[in-house]
Amino acid sequence: MLRWRLMSASVKWTICAVAAMGFLFDIYVVLVGPLILQPALTELGHLKPGTPEYRDWAGYLFWIPPLVGGFCGLWGGYLADRFGRRRILTYSILIYAFSATASGLAASVEWLLLFRTLSFAGTCVEFVAAVAWLAELFPNPKTREAVLGYTQAFASAGGVLTAGAFYVANRWGLALPAIYGSHAAWRYALIAGVAPAIPLAIIRPFLPESPQWEHQRIEGTLKRPSVRELFSPEFRRVTIVTALLFACAYGAAFGTIQQSPQITPGLPEVAQLAPAARGQAISSVQGTQEMGGLAGRIVLAALALIVVSRRRLLRMFLIPGLAIVPVVFLYMATHSLEMFRIGIFFAGFTTVAQLTFWGNYLPRVYPVHLRGTGEGFAANVGGRMLGTSAAVVTTHLAALLPGNSPSSRLTHAATVVGIGVYALALGLTFLLPEPPAELPE
């Protein structure tokens with residue numbers, strides 16, 4: 001164990017930088033989906049927004065990739081506990097690098113769905129293994145909280161990068177090499193996601209393993225992980241409650257704020273724009289949303305060092321969010337592009353910050369041999385598999401609600417889903433266990 005304690009500061013901060021870049025491309029994969037959805041379905045499937053076929057495929061592309069990716073992420077967490085954090089991270093980045101490129105080259109909606117699913121599989125594994133790796137690198141509670149909080153803030157930088165890539169692809173796509181004889185911006189935005197994966201694939205194999213995990217492996221004291229153990233009397237409550245709360249966080253993201261790229265084209269001032277200009281307007285809303293998410297993550301990371309109670313910390317974002325969502329989606333999203341930008345900033349602030357909360361909380365409630373598995377269950381079964389289903393609920397609920405256009409009906413559905421998941425999350429915080437300050441062995 002001594003050689004791990006003597007690990008140089010430069011190596012530790014290199015690991016932090018690599019993890020931060022990993023979080024960045026995690027969110028790039030998630031957030032590029034809503035931006036490319038409409039142009040991709042229009043080109044590949046010749047589908048029109050508002051039709052049943054469009055709603056079906058929008059639901060498939062919103063939900064199936066995180067559903068399958070979440071299943072892979074659960075077992076990726078298990079494998080990280082079994083074979084080490086670094087090794088699993090290295091394999092996950094290779095899967096992602098291939099699938100991100102292939103998504104942009106898809107020749108049909110079916111192939112696009114397949115490669116988007118593989119992209120999600122890589123990123124779902126990435127999150128749980130990287131969080132466990134970072135948490136075990138810094139034994140000091142304050143340092144650990146700061147490192148986990150601020151490295152995860154780079155996830156929202158990935159969101160800003162997503163909006164920027166989509167803007168550039170719409171603005172200067174004609175200057176880029178043609179793909180299948182055309183310059184479709186959505187293809188360039190997908191392929192651009194491979195850029196952060198390249199340095200990660202080169203650097204990660206040379207970085208050290210988690211000190212806690214490696215020490216127990218060498219000493220022969222590392223227990224075998226078990227999904228069943230998550231539901232033992234010791235862990236049952238925290239497993240179920242964190243999975244449901246993670247599902248609420250993803251439900252608010254996918255069912256509400258991630259609908260903004262589909263809502264923005266319905267604004268009168270946007271609907272009359274040329275396709276390229278419309279894409280720029282959509283990316284500006286997405287970029288503002290992610291700036292709000294970045295601000296929320298930074299504020300939460302700072303508050304995590306001050307606020308002792310994790311329940312209280314989470315409620316500091318849930319209570320304002322519950323009030324903000326109906327104002328943003330029932331009023332601002334239907335009046336003007338500028339008002340929607342302002343509103344989506346604050347909706348992103350309260351929603352995205354919750355994802356950083358879980359990256360800080362989960363390592364503190366599971367021991368080393370179960371840390372990746374426990375994180376994988378909450379983040380992937382709860383968040384990715386269950387929570388992202390809110391996108392399907394929103395798109396299909398929109399067909400049943402009043403409104404004079406597909407966009408206005410979608411705003412109503414996003415409001416209903418957003419209020420529902422925020423209220424449920426607020427109630428569940430009363431069941432959330434307060435974690436110990438030290439990481440369990």
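I started with Leu114, which I found in helix H5. A reminder to myself: this is a predicted model.

Is Leu114 buried or exposed, or something in between? I got 38% relative accessibility for Leu114, so it counts as partly exposed. Leu114 also belongs to a nonpolar surface patch of about 470 Å², together with Ile95, Phe98, Trp111 and Leu118. I checked which helices supply the patch: H4 (85–104) and H5 (109–137) each give at least two residues. H5 gives the most, with 3.

Next I went to Phe246, in helix H10 (residues 236–255). Who touches Phe246 from beyond its close sequence neighbours? Among the contacts I noted Phe127, Trp358, Leu362 and Gly383. I liked the Gly383 one: it sits 137 residues from Phe246 in sequence, but their C-alphas are 4.8 Å apart.

Then I looked for salt bridges. Side chains of opposite charge can pair when their charged atoms come close. My search of the whole structure turned up 9.

- Arg85 pairs with Glu136, with the closest N and O atoms 2.6 Å apart. That links helix H4 to helix H5, across 51 residues. Both Arg85 and Glu136 are buried.
- Glu145 pairs with Arg364 at 2.9 Å, N to O. Glu145 is in helix H6, while Arg364 is in the loop between H15 and H16, 219 residues apart. Both Glu145 and Arg364 are buried.

Last entry: shared partners join Asp81, Arg85, Glu136 and Arg371 into one salt-bridge network.

Key
Residues are numbered from 1 along each chain as its sequence is written. This is a predicted model: local features need pLDDT of at least 70, side-chain atom pairs count only at pLDDT 80 or more; totals for chains, interfaces and linings use all residues. Side-chain values use heavy atoms; hydrogens and water are left out. Patches are made of residues with over 30% relative accessible area and no salt bridge: like charges are joined within 9 Å, nonpolar side chains (Val, Leu, Ile, Met, Phe, Trp, Tyr) within 5 Å. Accessible areas come from the Shrake-Rupley method with a 1.4 Å probe; for residues, only the protein chains shown count as cover. A salt bridge is a side-chain nitrogen of Lys or Arg within 4 Å of a carboxyl oxygen of Asp or Glu. Helices (H or I, at least four residues) and strands (E, at least two) are DSSP runs, numbered from the N terminus. Buried means under 20% relative accessible area, exposed over 50%, partly exposed in between (1.4 Å probe, protein chains only). Contact means heavy atoms within 4.5 Å. Lists of a residue's contacts leave out its neighbours within four places in sequence.
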